[in-house]
Amino acid sequence: MASHHGTKHVAPMEVSVEAGNAGAAEWLDDDGRPRRTGTFWTASAHIITAVIGSGVLSLAWAIAQLGWVAGPAALVTYYTATLLAECYRTGDPETGKRPETGKRNYTYMDAVRSNLGGVKVLFCGVIQYANLVGVAIGYTIASSISMKAIRRAGCFHKNGHGDPCKSSSNPYMILFGIVQILFSQIPDFDQIWWLSIVAAVMSFTYSSIGLALGIAQTVSNGGFKGSLTGISIGADVTSTQKIWHSLQAFGDIAFAYSFSNILIEIQDTIRAPPPSESKVMQKATRLSVATTTIFYMLCGCMGYAAFGDKAPDNLLTGFGFYEPFWLLDIANVAIVVHLVGAYQVFCQPIFAFVERRANAAWPDSAFISRELRVGPFALSVFRLTWRSAFVCVTTVVAMLLPFFGNVVGFLGAVSFWPLTVYFPVEMYIKQRRVPRGSTKWICLQTLSVSCLIVSIAAAAGSIADVIDALKVYRPFSS
């Protein structure tokens, strides 16, 4: 074939392309990257794995603050996710017909860069990376709470519920940190194929145990606790606290649904059109948001139905349940395993970003570029020091501020508006050339502004709560 093509008078480069075309092109997509194989099902699985995380545990508490009216948050997330799915390819959004016209965006930042550009890219980067760092801190806190709960469950079982069973969560955070330092030296940890499956199995394990215990508790109560409007204002709760808590609960729910910042990356695994990636992604979003919402509503509402206004801020460690203690242990082990993996998945983009910048800045430095292979680990002095330092910093911060609910609420609040609403809306308007002042434009902007207000209020709610907690708190003593 090559010789046959060789007779044409074309540049040698083109010859090789034509020659290899039949063989190689089948393995490459239109952008020259290896052929993507993802489908509707794999995309849905990825989203569900990303979404059903530790957010589910604070949901009973959030629903206790808000009552049963927590549905709208889910709908906003779904709607803006469908807008974002349109931004995977820039250029002609109707790429279904002409796949070669739209340039692919590989990450959320790329989409912002090619659609909006300028200062907005910087803003997006700061928010996104800050969000990832925050998640790392939140996960450290959550896993130490779960490890501590395993110890307490055993202690309650042995000594009865009267024993306070106090213990510090610091040793557990340090243990978690050490494990993360080891794992962070494994290159491309987030590419390991079984990771997603393990994470999914773990998150379903602990969420279902939480759900089952909630149902069992409700049955033994002989009915549902709770009301439509959430916690009643009274002896335990002042009206200002109720307001702050309700706002923080919005943040918790936003955190529980935040997957917009990895949506584009997931879309980038879907195989080439037809049907266009955005169509597949919208179907996947619909399925996974529906699945997670049903699941969340079950877990959150059953937890609320079981405990009413007393719902703990973390369902499996707040000791609403004492027995069967081995079941609680299984659930908490599952949480820890899931969080160990999730921590890495969320930190890889930070690691990659810093290492890219360092390589670009000091290309000749041996400190940065020399690598040693030891088994599964790829060690470079720079990676060893920088990644370990990063893990140490997140661990120390977690030890200073062990308020899981507040950290989660604050993160959810701060990143919700820019990443889940503002950028998708702006990119969609730009991409679809929605005329200024048209009905659609006004509706989208109204959505954006109202979400901004909720975001600010929710962040304020979390901060107010932390300030309350700090009045009586001594660092490192929890």
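Author: Of the 478 residues of the protein chain, 51% count as buried, where buried means under 20% relative accessible area, exposed over 50% and partly exposed in between (1.4 Å probe, protein chains only). This is a predicted model, in which local features need pLDDT of at least 70, side-chain atom pairs count only at pLDDT 80 or more, and totals for chains, interfaces and linings use all residues. Residues are numbered from 1 along each chain as its sequence is written, and side-chain values use heavy atoms, with hydrogens and water left out.

The protein chain holds 17 helices and four strands; these are DSSP runs, H or I of at least four residues for helices and E of at least two for strands, numbered from the N terminus.

Now to helix H3, residues 40–51. Buried in H3 are Phe 40, Ala 43, Ser 44, Ile 47, Ile 48, Thr 49 and Val 51.

The unreviewed UniProt entry annotates several spans as "transmembrane region", among them 43–64, 287–306 and 410–429; such annotations may be inferred rather than shown by experiment. Residues 287–306 are 100% helix and 0% strand, with end C-alpha atoms 28 Å apart. Residues 410–429 are likewise 100% helix and 0% strand, and their end C-alpha atoms lie 28 Å apart.
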